[in-house]
Amino acid sequence: MLINNKSGLNTVALSPNQANLIKNLTQNIYYINNDETKIKAFAYQLSSTTEDGIISECMEALAVSPDDKNYKAVIASSVKVQQYQYDKDSRTLTLYFSREYEQLSRTSEMLVRTAIVKTMTQFGGIIDYVSFNVDGNWLTDSNGNTLRMKNSDYVSEVSGSQGHVKEAR
């Protein structure tokens, strides 16, 4: 089953156990520090109890800066999430970004991806993977394989010269 925020498909409700688990737990939204060297989790209380609602609410939160002025929004105002698609069967969220995403520095782009993946994959098996499409092209690894990231595929801190950053896998 697919949920596409542009297609008008019906929103799928979570099972009572999933909804109760999410409603009773504070989730995290991950933000990037202003120096673009690390991400940090900030507690966030979700109000949504549907898959589509959770995705929308988290994506909106990622586009707003936290109260801590040492951190900034993950999704910059110049970058647009044009749409997303959720495949319940494969538990994959696909995000479609505008071409401005390509203007992010390598370091910033890695941290953005990490913050999004960590935020979106924390819901107990609702979303296990996140794929990124930028201006009609899939983000790929160095071998040309489409990136389909899970929570363990991330960096949480970057050190060294930004020109020589390597992604941890």
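At 3% relative accessibility, E51 counts as buried. I started from this residue, keeping in mind that the model is predicted. The cut-off I applied is under 20% for buried, so 3% falls on that side.

**Entry 1, E51 and its partner.** I looked up what E51 pairs with. E51 makes a salt bridge to K88, with 3.9 Å between the closest N and O atoms. The limit for such a bridge is 4 Å, so the pair is counted. E51 sits in helix 2 (residues 51–62) and K88 in the loop between strand 5 (81–87) and strand 6 (92–97), so the bridge ties together parts that are 37 residues apart in sequence.

I went on to R91, which is in the loop between strand 5 and strand 6. R91 and D128 meet through their side chains in a salt bridge, 2.7 Å from N to O. D128 belongs to the loop between helix 3 (106–120) and strand 7 (129–134), and the pair links parts of the chain 37 residues apart. I noted D128 as partly exposed at 24% relative accessibility. R91 is partly exposed too, at 37%.

Next I asked where R113 and E109 lie. Both are in helix 3, 4 residues apart, which is about one turn of the helix. R113 and E109 form a salt bridge, and their closest N and O atoms are 2.7 Å apart. Are they buried or exposed? Both are buried.

I searched the whole structure and got 5 salt bridges. The pairs in my entries include E51 with K88, D128 with R91 and R113 with E109.

**Entry 5, rings.** I finished with the aromatic pairs, and the structure holds 5 of them. I picked F97 and F132: their ring centres are 6.0 Å apart and their planes are at 10°, so the pair is stacked. F97 lies in strand 6 and F132 in strand 7, so this pair ties together parts 35 residues apart in sequence. Both F97 and F132 are buried. I also jotted down one aromatic cluster, formed by Y31, F42 and Y71.

How values were computed
Residues numbered from 1 in each chain as written. Predicted model: local features only at pLDDT ≥ 70, side-chain atom pairs only at ≥ 80, totals over all residues. Heavy atoms only, no water. Helix = DSSP H or I, 4+ residues; strand = E, 2+ residues; numbered from the N terminus. Buried < 20%, exposed > 50% of the residue type's maximum accessible area, 1.4 Å probe, protein only. Phe/Tyr/Trp six-rings, centres within 6.5 Å; stacked < 30°, edge-to-face > 60°.
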